[in-house]
Structures are given as structure tokens and as C-alpha cells.
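Welcome, and please open your viewer. We will go from stop to stop, selecting a few residues each time and looking at what surrounds them.

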Amino acid sequence: MTLYKTLSNVPKVNSFAALPEDFYTRLPTTPLTNPRLLHASADSAALLGLSPEVFDQAEFLDVISGRLALPGGDTLAAVYSGHQFGVWAGQLGDGRAHLLGGLKGPNGVWELQLKGAGKTPYSRMGDGRAVLRSSVREYLASHAMEGLGIPTTRALSLVSSSDPVRRETMESAAVVARMAPSFVRFGSFQHWAAKQRPDLMRILADYIIDHFYPECRQSESGQSAESDYVHFLECVVKRTAELMADWQVVGFCHGVMNTDNMSIIGLTLDYGPFGFMDAFDAAHICNHTDSQGRYAWHAQPSVAHWNLYQLANSLHLIVEDADALRQALDQFEPTFLSSMQKRMMNKLGLLQWREGDQLLIDDLWSVMHHNHADFSLSFRQLAHAEGVTNASQGVIEHDLGHTVRSSIKPFVDLFIDREAAQAWLNQYVLRIKLQGINMQQERINLMLASNPLYVLRNHLAQKAIESAALGDSSEIEKLVNLLSKPFKFQSGAEEYACLPPAWASKIEVSCSS
Ligand code: AMP
Ligand code: MG
């Protein structure tokens, strides 16, 4: 069966397009010339009820490169506003994203969006395109986050082209087809507050509550009461706080946490100059353009809270009770702290929380920071650190294997000041003994399931970009496979689990994409 026929049989649920026209502009995409499918994801396709066989069909390439509308779809670009780097930027919107429609897969509806398929009324000075470099990064990051179990928009496909695009230098255009239950942002709500349109804000809030937060609708009448909107804010606050904990514990920096890049359903959204940290620095800035460090790693939770404050401020247009909104915002800190505690217990293999554990964790962050120890390997190697592993040698050999063992530096070797690392490790060994030597296996299993061995380091993405520019997608394929199972040792992938090469620290990632 042709893709068009197959897709025609997949039920369409264009619920966003069913909102009033104020929320978007209907318009066609501008197709790429000479599109070439670089990669497509069988996992993402399965979410839509599609088998990988469709990847070979010309119609698949036509749809994901913007040449052919989705059968039964409703192509549009959404409007939103937002704060960029803390400053109100007014109207923004999908300047280079087209929503093709919603597809009902086996486990729910997924909106399909093309990023880089041409100009829209919201493109402002932009060209509506995305370059290959940033598209490869978004494609890989979507898989990496999913593999880590972190809520994210998904990526279906990556298409390259020969169309030239001017950034600092001439580059080429690409399109990522991405998927999410919804692409609505905090900025989508800010837009109607700025326009003083409580009627449209209510329509948007009801739409999001009905589809994604049905538990918030407590009023019987079917019509929302103000308290439903407060409850909705509280749910967004909690989801966002948990997302921040998810990011922090894998060393992920988003790079551009503007309110228009904050998903209302708590997904990681709009991958630009993001980065997974190599050497740990609490003040690490992944975005070269962010000279003030507004979005540095240690600032992310408080920025998320600030962004939620802007969301609450907008909702004040339809919720009179400012105190109730404030109380919902107050849920951020306790939710974030308890989420961090849970995740850090897992990362350190602590089976129960004991007095003194917070200090142990804080001291680890401190010694890692002062030594610029590798973020991911420090945690991963802790599972195998000398002095805590004796009871489970067999498991360690099985996990890492001899070759990896020799290419991955042991825990204390990751620190310049090995004595400081050893002093912390001694404390850790004492703490681990408290939970009993017979719990070693459980500790190790928990740590290996919580600390990834493979992360999307900048230099790995860079190698994939360079090969992709030459038309070779084998590196993308390799990374997608590794990053989809980042906790599981995979033989033959030793070089992907090593410390980064020296040139990695010279890679500059900026807002230009
Ligand atoms: P970002 O922070 O990259 O998510 O983008 C901020 C705003 O600029 C959004 O409204 C984007 O749609 C828009 N934008 C970014 N790059 C382009 C581009 N090349 N062409 C048109 N609009 C763009
Ligand atoms: Mg954006």
C-alpha cells in the first residue's frame, strides 16, 4: 500500500486546527529542492502506527520534506509571544514550523510538524529555514532525551537538501519532522494576555485542559471555573519542576529557555544551542550567544520558575484570585527539590534516604565542580569505584567488559585533585556500608539504570554533522542506536563512552540555527 493510502487510513485529529483562526495562519509549506532522506526513526513511526517500510516510498519523502500535505491534514503555523532572555519580545510564532495535522496512533494522537519548511507570517526577518547542522542536533537530541526517559518532542525524520542557507557562513537547508501531543507553549498564553483577550485565553486553556490535563477539570458544568485554571497552573508548575530535575541530573543545558520555548505539557522543546556537559561546571553556559549566562546549568530551575511566573501572570487575566495563582507557583520549589532528591538517590545507589545524605550529595557536586570532572562518567564510574565494588566483581565485568574498562578512567582518575575525590569516596563507602553489603547488587543495578554511559556530547554530534554534510548518515544511525539505550553497555562502542577529545571544548554552539 502506498504511504498516501496508509496515511489516509490513519485517523486525523486536527484538534488545534479546530480552534478559532485567531490561533494560527493556514498556509502551505515551501518544499526543499532535491530533498534526501538522511534518517527516519522506526520507533517514532510506530507511534503513528506506521511501519518502517514507508520510509522507502517517494510519498513519505514528499510529506516530510514539505512537498505534499498530509492527507486529511490541515497545514498551519501557530501564533505565540514571549520573553526572550528576560525581555518581552511581543509577537513571535512559528516562524519556520508548519503543523501538518494530528495523527491518531496506537497510543494516542501525535501532532506532526515540519521544522524548516519555509516562511510564515511569523518569520519576521528569518528565512523560514533550518540548517543541516542544527537539524542533525535536534534529531539526535530528541532520541537522546527519549532514551534517557526525559519528556521531549520526538523526531520522525531528517531530510537534507542542496538549498543554500545563509548564517555566519553558507550552509544547507534541512527539515526535521517532529512530533508531540502538543506544541503549545507558555508564550501561547502570554500572547492573549498581551492582547487582553480573556475570551481566547479561556478557549486555549480549556483546549489544553481537556486534552492534556483532564484531571484539572473539577467543575461539573463542563464549563471551567477559575479554580480549574488554578489547578491547571499547579499541574504545569509540577511537570515543569520535574522536567528541570530531569535536565539537571544528566547535565543537560537547554540554552534558550525563553518563555516561547517552554512546553505547556512539560516537554523538552525547541532544541537549539543545547548541550550535555562534558566537564562539570555548575555555571556552564552551553549557548555561545548567552554572554550573561542567564541560562547557565545552575540557573535553569530558577529560570523555569521565573517563566512559570510569567505564565501565571498571563492567567491572571482569567483568574482573579492572585493569591491562588501564587500558591500554585509555590509548588515549584518543593516539587523540584523532592524530584532532585529522588533522582540523586538513584544516581548514587542510595536505597533509602538517611540523615546526612544531602551533605554527601552537595559535597559530590562541589568536588566535581572544583575539579571539572566529567559529568556523565563521574556518576557512571561511581558504581564501579574501588572500595565499594568487591561484592559484585562479576556484574562489573559483565557491564563494562575489559576493553571498556581500560578506556574509561576509574572514578578518582576523573578528578585533578585525586585526594579530594578519594576523601569524598571514603565518605561514600561508609554510607554504602550502612545499607548492607548484601544490597550491593541492588545498588549497582540502580546506578547503572540511572547513570547513562552514552550521552550526546557535542563532539559526537559534530562528527555526525560532518558526515551528514558529505551525505553519509551512518554516524547518525550509530548514535540513534546508542542513545536510544544509553544505560546499556554496547560492545564495540567504547569510543562513544570515553572522555571527549581536547578539540571538543572548542566547539561553539550559538543561537544561529
Ligand atoms: P527559537 O528561540 O530558536 O526557538 O526562535 C525564536 C523565534 O524566532 C521563533 O518564533 C522562531 O519561529 C523564529 N525563528 C528562528 N529562526 C528562524 C528562521 N530561520 N526563520 C524564521 N523564523 C525563525
Ligand atoms: Mg522556539
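Start by selecting Q462, which lies in helix α16, residues 458-469. Helices here are DSSP runs of H or I with at least four residues, strands are runs of E with at least two, and both are numbered from the N terminus. Is Q462 buried, partly exposed or exposed? Its relative accessibility is 23%, so Q462 counts as partly exposed. The classes are buried for under 20% relative accessible area, exposed for over 50%, and partly exposed in between, with a 1.4 Å probe and protein chains only.

Before moving on, a word on what you are viewing. This is a predicted model, in which local features need pLDDT of at least 70 and side-chain atom pairs count only at pLDDT 80 or more, while totals for chains, interfaces and linings use all residues. Residues are numbered from 1 along each chain as its sequence is written, chains are lettered from A and ligands numbered from 1 in the order in which they are written, and side-chain values use heavy atoms, with hydrogens and water left out.

Ligand 1 sits in the largest pocket. A pocket is an open set of points on a 1 Å grid over the protein atoms alone, where a 1.4 Å probe fits, with protein on both sides within 12 Å along at least five of seven lines; to sit in one, a molecule needs more than half of its atoms within 2 Å of the grid points. Around the ligand are 17 residues, of which G93, G95, R124, G128 and N261 come nearest; a residue belongs here if one of its heavy atoms lies within 4 Å. This shell divides into eight charged, seven polar and two nonpolar residues. Asp, Glu, Lys and Arg count as charged, Ala, Val, Leu, Ile, Met, Phe, Trp, Tyr, Cys and Pro as nonpolar, and the others, Gly among them, as polar.

- From a polar backbone atom of G93 to an oxygen atom of ligand 1: 2.6 Å.
- From an N or O atom in the side chain of R96 to a nitrogen atom of ligand 1: 3.2 Å.
- From a polar side-chain atom of D270 to an oxygen atom of ligand 1: 3.2 Å.

On its own, ligand 1 has 480 Å² of accessible area, and the protein covers 81% of it. These areas come from the Shrake-Rupley method with a 1.4 Å probe.

Stay with D270, in the loop between β11 (252-253) and β12 (275-276). D270 counts as buried because its relative accessibility is 13%. Which side chains does the side chain of D270 contact? One polar contact, of 2.9 Å, goes to the side chain of R178, and another, of 3.0 Å, to that of R185. Such a contact is a pair of N or O atoms within 3.5 Å; within protein, one must be able to donate a hydrogen and the other to accept it, and residues adjacent in sequence count only if both atoms are side-chain atoms.

Check the backbone too: D270 is not a glycine, yet has a positive phi of about 60 degrees. Most residues other than glycine have a negative phi. Q196 also has a positive phi, near 55 degrees. Find Q196 in the loop between α5 (186-194) and α6 (198-212); with a relative accessible area of 56%, Q196 is exposed.

Finish at helix α12, residues 375-382, where eight of eight residues are buried.

Conventions. 1 Å grid on protein atoms, 1.4 Å probe; cavity = no way out; pocket = protein on both sides within 12 Å on 5 of 7 lines; lining within 4 Å.
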